[in-house]
Amino acid sequence: MKKLFFILLCITTLVQAQIPTNKREVMQQFLDGTLDKSYIPCAFFMHFGKDAKVGDNAINAHLRYFLSTGMDFVKIQFEQGYGRVRIEKAEDWDLIKPLPADFFKPTLDIVKGIYDIAGTNAMVLPTVYSPFQMLIQSVGAKTVVAYATKEPERIKRALEYFTEALIGYVKACKEIGVDGFYTPTQGGEQKFYGTADFFETFVKPYDLRVMKECNTNTKLNILHICDYEGSYDDLTRFISYPGQIVNAPIEVNGKPFSLQDCERLFKRPVMGGLYRKGTILEGTVNEVIQEVNTLKHDLIGKRFILGADCTILPKTPMDNVRAAIQTSHHLSLIHI
């Protein structure tokens, strides 16, 4: 019954948009370069409340949000961490153990529940945090930096545990049938420059192993360069990272970094355009519509996905989110 209801709502949304396909076909046409240029795919991502992190509540929250906004694919949040580990001396790194084979079962149950309902009519992309992200969520960025020079092998061992576990998680998601992954990366921010070759030693090799698995036999993978841990002065180190789409910060080296800048650097379609703490959060519906229309005008003829630079805040008005998506789909006019 849930699956039938989902299909009917998808069809209704697309009839309203005058696009004679389901959402899966919309994104396939986008990837193929055959989608009508007046229809710009759009998606915004949000963390749901504490009561919607696991089980049916998480599944229902994702599907309700997808259907109520009209966005063009389902992106599944990654809410499962290793847990905090207090590192007070070098030997405490031994507290980080290999993850058991069934560690990600709660998240995989969410992925399967969403895919079983939505997968026929929409592409489904689980989020996969990087090994470095999981490590700093466990011990803290300051701890990693403190031990990077004096005990690098301990850090590498922990990263290896997370890498192997995440690769197993990705393979399990692909067995469910997902279409690709949303792959954030951190660790290349300016604040990590104090340790020589920090990015090349503790971030990139592990990122690429996980992302290679994500991009094998899948069709839609979004590389997200995340600025949650701090700002960047250069994104060229990420050019070799895989992903059909790139989602980057809106500021690099203290200057605006536009979608056009991102496309020129990475030479592939990009995602974003709206600042998560800007008009989409603080503006009126009319202001959101105007900003999206300006973006579409500036990017005429370009293949891109409209969205935010990162996850939008939970207090973001849903009317603003819907207005941005409808305008991206060429549905909305300025409200009088």
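## Around Asp-92

Asp-92 touches Val-85, Arg-86 and Ile-87, leaving aside residues up to four places away in sequence. This is a predicted model. Asp-92 sits in the loop between strand E1 (74-76) and helix H4 (105-118). Its relative accessible area is 10%, so Asp-92 is buried.

## Cavities

Rolling a probe the size of a water molecule over the atoms shows where empty space is left. The structure holds 5 cavities of 30 Å³ or more. The largest cavity has a volume of about 90 Å³. Its lining is made of 13 residues. Nearest the centre of the largest cavity lie Phe-30, Leu-35, Lys-37, Lys-302 and Arg-303. By type, the lining of the largest cavity divides into 6 nonpolar, 3 polar and 4 charged residues.

The second largest cavity has a volume of about 70 Å³. Its lining includes Phe-44, Phe-45, Met-46 and Phe-48. His-62, Tyr-65 and Phe-66 also line the second largest cavity, as do Met-71, Val-74, Lys-75 and Gln-77. The largest share, 3 residues, comes from H3. The lining of the second largest cavity divides into 8 nonpolar, 2 polar and 1 charged.

## Helix H3

H3 has 15 residues. From its first C-alpha to its last, H3 reaches 22 Å, close to the 21 Å expected at 1.5 Å a residue. An α-helix has 3.6 residues a turn, so residues three or four places apart point the same way.

The buried residues of H3 are Ala-58, Ile-59, Ala-61, His-62, Leu-63, Tyr-65, Phe-66 and Thr-69. Among them, His-62, Tyr-65 and Phe-66 line the second largest cavity. Just after H3, Gly-70 takes a positive phi of about 80°.

## Aromatic rings

A pair of aromatic rings is described by the distance of the centres and the angle of the planes. The structure holds 19 aromatic pairs. One of them joins Phe-132 and Phe-192. Their ring centres are 5.5 Å apart and their planes stand at 85°, so the pair is edge-to-face. Phe-132 lies in helix H5 (residues 131-139), while Phe-192 lies in the loop between strand E3 (182-185) and helix H8 (198-202). The pair therefore ties together parts that are 60 residues apart in sequence. Both Phe-132 and Phe-192 are buried.

Phe-78, Tyr-82, Phe-103, Phe-104, Tyr-129, Phe-162 and Tyr-169 form one aromatic cluster.

## Lys-171 and Cys-214

Lys-171 has its place in helix H7 (residues 152-176). At 43% relative accessibility, Lys-171 counts as partly exposed. Lys-171 and Cys-214 are 43 residues apart along the chain, and their C-alpha atoms are separated by 8.0 Å.

## Positive phi in two loops

Most residues other than glycine have a negative phi. Asn-253 has a positive value, near 55°, and is not a glycine. Asn-253 lies in the loop between strand E6 (251-252) and strand E7 (255-256). With a relative accessible area of 47%, Asn-253 is partly exposed.

Lys-267 also has a positive phi, about 55°, although it is not a glycine. Lys-267 is in the loop between helix H10 (259-266) and strand E8 (270-274). Its relative accessibility is 71%, so Lys-267 counts as exposed.

How values were computed. Residues numbered from 1 in each chain as written. Predicted model: local features only at pLDDT ≥ 70, side-chain atom pairs only at ≥ 80, totals over all residues. Heavy atoms only, no water. Helix = DSSP H or I, 4+ residues; strand = E, 2+ residues; numbered from the N terminus. Buried < 20%, exposed > 50% of the residue type's maximum accessible area, 1.4 Å probe, protein only. Contact = heavy atoms within 4.5 Å. 1 Å grid on protein atoms, 1.4 Å probe; cavity = no way out; pocket = protein on both sides within 12 Å on 5 of 7 lines; lining within 4 Å. Points joined across faces, edges and corners; volume = space filled by probe spheres on them. Nonpolar A, V, L, I, M, F, W, Y, C, P; charged D, E, K, R; others polar. Expected span 1.5 Å × (residues − 1). Phe/Tyr/Trp six-rings, centres within 6.5 Å; stacked < 30°, edge-to-face > 60°.
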